[in-house]
Amino acid sequence: MKTTLQTDDKKRTFSNAENISIEENVKSSKEDKSFAVAQRTAEENWLEVNPLAIDQTLFKEKRKDKKQEETRRLILEAFEELKNNPEEYGKNFKTMMPEKTWKEVTVRQLKELACKLGDHMANWVEQALEWAQRIANGESWEDVCNERDTANWYRAVIWKSSYTVIVGGSARDRSPSSFVSIYGYRDYEYIRCTVPLVVLYEQ
């Protein structure tokens with residue numbers, strides 16, 4: 001049995017064996033991609049981070065891409081914080097994005113929600129270590145720094161200034177998951193289309 005397919009301006013004929021091979025490759029590709037997305041960005045899925053086991057050599061070389069290099073430098077800063085404060089950042093932890101069921105809340109309310117669902121809302125060190133873990137797990141720099149984020153909502157993370165910033169992208173734009181907004185929210189300010197990045201440390 002042979003099958004003829006139209007691809008762009010050309011027609012190609014495939015044998016039955018080739019058809020089976022194509023179907024298996026497509027199925028495998030879809031399954032792998034679905035699994036990677038589910039592990040990486042699906043709401044209410046926990047991502048395990050083991051800071052002391054992350055291969056730091058993956059982040060030694062400068063990246064040519066500007067976005068990747070910015071993320072690499074932030075990860076290096078996080079490793080320095082890990083080195084200087086092992087009692088605070090050396091323990092294994094998990095991160096999670098809860099499902100958004102509200103319209104608009106204050107930053108303080110997001111922090112309170114994070115405390116109910118885990119230990120607290122992530123800070124910039126924990127966020128950077130999460131990105132490092134994803135890359136160490138085998139995700140590409142492009143997935144983390146260049147490709148459009150597949151999450152439904154932005155993430156609220158406490159940044160260096162102690163203000164809360166919006167991190168990542170959402171279904172509403174084309175920002176990558178390592179995007180960091182420049183605006184810092186105070187606790188009393190309202191924030192929309194955003195969920196807290198929840199952190200839960202191992203006991």
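## Salt bridges in a predicted model

R134 and E139 form a salt bridge, with their closest N and O atoms 3.2 Å apart. A salt bridge here is a side-chain nitrogen of Lys or Arg within 4 Å of a carboxyl oxygen of Asp or Glu. The structure has seven salt bridges. Keep in mind that this is a predicted model, where local features need pLDDT of at least 70, side-chain atom pairs count only at pLDDT 80 or more, and totals for chains, interfaces and linings use all residues. Residues are numbered from 1 along each chain as its sequence is written, and side-chain values use heavy atoms, leaving out hydrogens and water.

**The R134 and E139 pair**
- R134 is buried (under 20% relative accessible area; exposed is over 50%, partly exposed is in between, using a 1.4 Å probe and protein chains only), and its own value is 3%.
- E139 is buried too, at 17%.

**A link across the sequence**
- E77 pairs up with K160 in a salt bridge, and their closest N and O atoms sit 2.7 Å apart.
- E77 is in helix α2 (residues 66-84) and K160 is in the loop between β7 (154-158) and β8 (164-167), so this pair ties together parts that are 83 residues apart in sequence.
- Those helices (H or I, at least four residues) and strands (E, at least two) are DSSP runs, numbered from the N terminus.
- E77 is partly exposed at 36%, and K160 is partly exposed at 43%.

**Other salt bridges**
- E189 and R186 meet through their side chains at 3.9 Å, N to O.
- In that pair, E189 is buried at 16%, while R186 is partly exposed at 33%.
- E69, R72 and R73 are joined in a network of salt bridges.
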